[in-house]
Amino acid sequence: MESRIGTPSVSIIIPTFNAAARIGECLKALAPQAAAHAAEILVVDDGSTDNTAEVVQGYSGVGLLYQANAGPAAARNRGAAAARGTILVFTDDDCVPMPDWLDSMLEPFQDPQVVGAKGVYRTRQKRLTARFVQIEYEDKYRVMAGFDYIDFVDTYSAAFRRDRFLEIHGYDPSFPLACAEDVDLSYRMSARGWKMKFAPKAIVYHTHPDTLAKYLKKKYKFAFWRVLAVRRNPGKAMKDSHTPQLMKLQLLFAPALMVAVAIDLAMHPRVPLSAVVLGAFLCSTAPFTLQAIAKDPTVGLLSPLLLAARACAQFLGVAAGLVYARRNPSQAATKLPA
């Protein structure tokens, strides 16, 4: 595979499953960018049962690989093994990259010490929950922008040096869903001292959860699987470059409120302890709420309620993840070499 003089060779990898209705927009956006960099595009079909393969084959120059359904982590690894580029760039089949996305993803690799890079989500959705999700991501990006190097690279807009990716055995396929396998890989890379950079100009457009039920289900699922990633990498439990510290504190809201209500019912204190817990929680939401109001007043005013719902879903996910890890100690302890 040839590339422009002075630039690395590039392979763009997209895992997919039953994405006939959406992957075309992704490939259409990538085609001119890939041509500009003489990059290959590899789609890994993870056992689709619809006509995803036919849609992909309609785009010239796109390589198509097949595997029996094994999950997105295994699909990404399959693409990495077949790739010819020295830089692997990943995105998802429901993402539509901006025209300068690939340029922005490759820019950090001008530094030979950089091993990985991460871009950002945007959305054009109008529903309230989706707008809240976008502001939530932007809050995390704000945290990430404060670090010279990061320790978290999401799969929707990710790039790695192929030799290092293969050296560390890529994504762990024991994560069966698109949940926390990117956390685990990032933490393992960080443990080796490998440098990863945030690329805020590398934008992909995405469809976020647009109802509260979908959003809370996703938060529960992410919290559940992240327990395993953190148990395998306990040094990241207290702090990473991706998670606002107040979000971790808010996880205590649900259990603290339950305990406070029980004490109030049993002891009838002069100042209800439940009111103290609610007041402390509202104070913890103030920074996010003020930022949200500046961007979207309606979302901002509703943020405390949405953050409370998020905290409850995440707490339940963490609790279930801990139970799962206890009942399945081999999976919770097993990890790829760091």
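Author: In this predicted model, the axes of α10 and α12 come within 8 Å and cross at roughly 95 degrees.

Reader: What makes α10 roughly perpendicular to α12?

Author: Angles of 65 to 115 degrees count as roughly perpendicular. The axes of α10 and α12 cross at roughly 95 degrees, and therefore α10 is roughly perpendicular to α12. On the α10 side the contact is made by Phe253, Ala254 and Pro255, and on the α12 side by Ala308, Ala311, Cys312 and Phe315. By class, this contact has seven nonpolar, no polar and no charged residues.

Reader: Why is α10 called roughly antiparallel to α11?

Author: An angle over 145 degrees counts as roughly antiparallel. The axes of helix α10 (residues 253-267) and α11 cross at roughly 160 degrees and come within 7 Å, so α10 is roughly antiparallel to α11. Phe253, Ala256, Leu257, Ala260, Val261, Ile263 and Asp264 of α10 make this contact with Leu273, Ser274, Val277, Leu278 and Phe281 of α11. Its residues divide by class into ten nonpolar, one polar and one charged.

Reader: How do you know the orientation of α5 relative to α12?

Author: The axes of α5 and α12 come within 10 Å and cross at roughly 80 degrees. The range for roughly perpendicular is 65 to 115 degrees, and α5 is therefore roughly perpendicular to α12. In α5, Leu128, Arg131, Phe132, Ile135 and Glu136 meet Thr298, Val299, Leu302, Ser303, Leu306, Leu307 and Arg310 in α12. By class, the contact of α5 with α12 has seven nonpolar, two polar and three charged residues.

Reader: How many aromatic pairs does a search of the whole structure find, and why is the pair of Phe132 and Tyr215 described as it is?

Author: The search finds 17 aromatic pairs. Ring centres must lie within 6.5 Å to pair, and planes over 60 degrees apart count as edge-to-face. The centres of the Phe132 and Tyr215 rings are 5.6 Å apart and their planes stand at 90 degrees, so the pair is edge-to-face. Phe132 in helix α5 and Tyr215 in helix α8 (residues 212-232) are 83 residues apart, and the pair links distant parts of the chain.

Reader: Which helices each supply at least two residues of the lining of the second largest pocket?

Author: They are α5 (128-144), α9 (245-250), α11 (273-295) and α12 (297-327). The second largest pocket has a volume of about 200 Å³. Its lining has 17 residues, and Asp139, Arg142, Pro244, Gln245 and Leu246 lie nearest its centre. Seven residues of this lining are nonpolar, five polar and five charged.

Methods
Residues are numbered from 1 along each chain as its sequence is written. This is a predicted model: local features need pLDDT of at least 70, side-chain atom pairs count only at pLDDT 80 or more; totals for chains, interfaces and linings use all residues. Side-chain values use heavy atoms; hydrogens and water are left out. On a 1 Å grid over the protein atoms alone, a cavity is a set of points where a 1.4 Å probe fits but cannot get out, and a pocket is an open set with protein on both sides within 12 Å along at least five of seven lines; lining residues have an atom within 4 Å of a point. Grid points are joined across faces, edges and corners, and a volume is the space filled by probe spheres set on the points. Helices (H or I, at least four residues) and strands (E, at least two) are DSSP runs, numbered from the N terminus. Ala, Val, Leu, Ile, Met, Phe, Trp, Tyr, Cys and Pro count as nonpolar, Asp, Glu, Lys and Arg as charged, and the others, Gly among them, as polar. Axes are lines fitted to C-alpha atoms, for helices over the stretch in contact, and angles run from 0 to 180 degrees between N-to-C directions. Angles under 35 degrees count as roughly parallel, over 145 as roughly antiparallel, 65 to 115 as roughly perpendicular and the rest as oblique. Contact means heavy atoms within 4.5 Å. Rings of Phe, Tyr and Trp (its six-membered ring) pair if their centres lie within 6.5 Å; planes under 30 degrees apart count as stacked, over 60 as edge-to-face and the rest as tilted.
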